[in-house]
Amino acid sequence: MAGLSFGLLGPTRVWSSGEDLEAGSPQQRGVLALLLLSEGRQVPLDEIVNALWGREAPRSAVVSTRTYVSRLRRMLADGGGAGPGIEAEIRSVGGGYQLVVAPETVDVTVFRQTTAAAREAREQGKAAEASRLLRGALALWRGPALDGLGGAFFEGRRAWLEQLRASAVEERWALDIEQGDCGGAIAELTLATAAEPYRERLWELLMWALDRDGRRGEALSAYRRIARLLDDDLGLEPGPGLRRMYARIRTAADASLGPLIPG
């Protein structure tokens, strides 16, 4: 077998035994990405056309789409995806297409499966294993998801994937803090709060890391900073997660307790 694999966590790419295959123009890559994201579901031809061109699809869109599919089939066959022991195949089903691939060859699928396994490990109290799994999952990313693909469909899917990535990063920070690796988490969270100043979960994690690192005063100062920022810029109060973290740190400080460990 040639060892085909597919990447969507960055520019859309196809590899055969580690070597790049030419996946064609952005629109042809868009067809491939859409079929991969459909995870084996049959995708109607008009759905593909709408994803590529939206409401402004030219009359030639259907013919162009069929041409892209033909070229992708040839690319997969040349790369080892056809014949005995088929690894990847685009099938014509009804009025559309279905891409059949092994789940473990698609980075998005591997990412989602690995982060799910990490959550399960954490629930079982296996923090080190969960952290290892999350780091492996995040290492699959090569840049912004679906990089280079435009249009409302891909923008929506990109936002969804980037949210999954952000959640995985936050889980990894939480695990680092739980295991006492606060210094690295503080450095990364300080940068993250500067880049996304209104994402309250980041401030919550930063406060927790600072407290566990013996810097309770800085943790309380961080709360005051985000509370002032939310009020001045958005006219909002901190959400329940931030308020709970502040109350627990403040209560521990008043009682002269050691660093808190959220339950």
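A residue is called buried under 20% relative accessible area, exposed over 50%, and partly exposed in between. The views below show a predicted model.

View 1. Tyr-198, Leu-234 and Leu-236 make a nonpolar surface patch of about 280 Å². Leu-234 belongs to helix α9, which covers residues 216-234. Because its relative accessibility is 42%, Leu-234 counts as partly exposed.

**View 2. Strands β1 and β2 form a hairpin.** Strand β1 (residues 4-7) and strand β2 (residues 13-16) run antiparallel and are joined by four bridges. Within this pairing, Ser-5 has Trp-15 of β2 as its bridge partner. Five residues lie between the strands of the hairpin, where Gly-10 takes a positive phi near 140°.

**View 3. Phe-6 sits in the largest nonpolar core.** This core has 76 residues, and Phe-6 and Leu-146 are those with the most contacts inside it. When neighbours within four places in sequence are left aside, the residues in contact with Phe-6 include Val-14, Trp-15, Leu-32, Leu-36, Leu-76 and Val-101. Arg-13 is also among the contacts of Phe-6. Arg-13 forms a salt bridge with Asp-20, in which the closest N and O atoms are 2.5 Å apart. Arg-13 has a relative accessible area of 27% and is therefore partly exposed; Asp-20, with 45%, is partly exposed as well.

**View 4. Three strands make an open sheet.** The strands follow the order β4-β6-β5 and pair in the antiparallel sense. Strands β4 (43-44) and β5 (88-93) are the edge strands, since each pairs on one side only. Two bridges connect β4 with strand β6 (residues 96-101). In one of the pairings between residues, Val-43 has Tyr-97 of β6 as its bridge partner.

View 5. Phe-153 is part of helix α6 (residues 152-178). With 25% relative accessibility, Phe-153 counts as partly exposed. Apart from neighbours within four places in sequence, Phe-153 is in contact with Leu-34, Leu-37 and Ala-51.

**View 6. Thr-109 is a buried residue of helix α4.** Helix α4 spans residues 107-123. The relative accessible area of Thr-109 is 13%, so this residue is buried. Leaving aside neighbours within four places in sequence, Thr-109 is in contact with Glu-39 and Pro-103.

View 7. The side chains of Glu-171 and Arg-119 meet in a salt bridge with an N to O distance of 3.7 Å. Glu-171 counts as buried because its relative accessibility is 18%, whereas Arg-119, at 37%, is partly exposed. Not counting residues up to four places away in sequence, Glu-171 touches Arg-119, Arg-122 and Leu-134. Arg-122 forms a salt bridge with Glu-178, the closest N and O atoms being 2.5 Å apart. Arg-122 is partly exposed at 28% relative accessibility, and Glu-178 is partly exposed at 33%.

Conventions. Residues are numbered from 1 along each chain as its sequence is written. This is a predicted model: local features need pLDDT of at least 70, side-chain atom pairs count only at pLDDT 80 or more; totals for chains, interfaces and linings use all residues. Side-chain values use heavy atoms; hydrogens and water are left out. Two strands pair if DSSP finds at least two bridges between them. Patches are made of residues with over 30% relative accessible area and no salt bridge: like charges are joined within 9 Å, nonpolar side chains (Val, Leu, Ile, Met, Phe, Trp, Tyr) within 5 Å. Accessible areas come from the Shrake-Rupley method with a 1.4 Å probe; for residues, only the protein chains shown count as cover. A salt bridge is a side-chain nitrogen of Lys or Arg within 4 Å of a carboxyl oxygen of Asp or Glu. Buried means under 20% relative accessible area, exposed over 50%, partly exposed in between (1.4 Å probe, protein chains only). A nonpolar core is a set of buried Ala, Val, Leu, Ile, Met, Phe, Trp, Tyr and Cys residues joined through side-chain atoms within 4.5 Å. Contact means heavy atoms within 4.5 Å.
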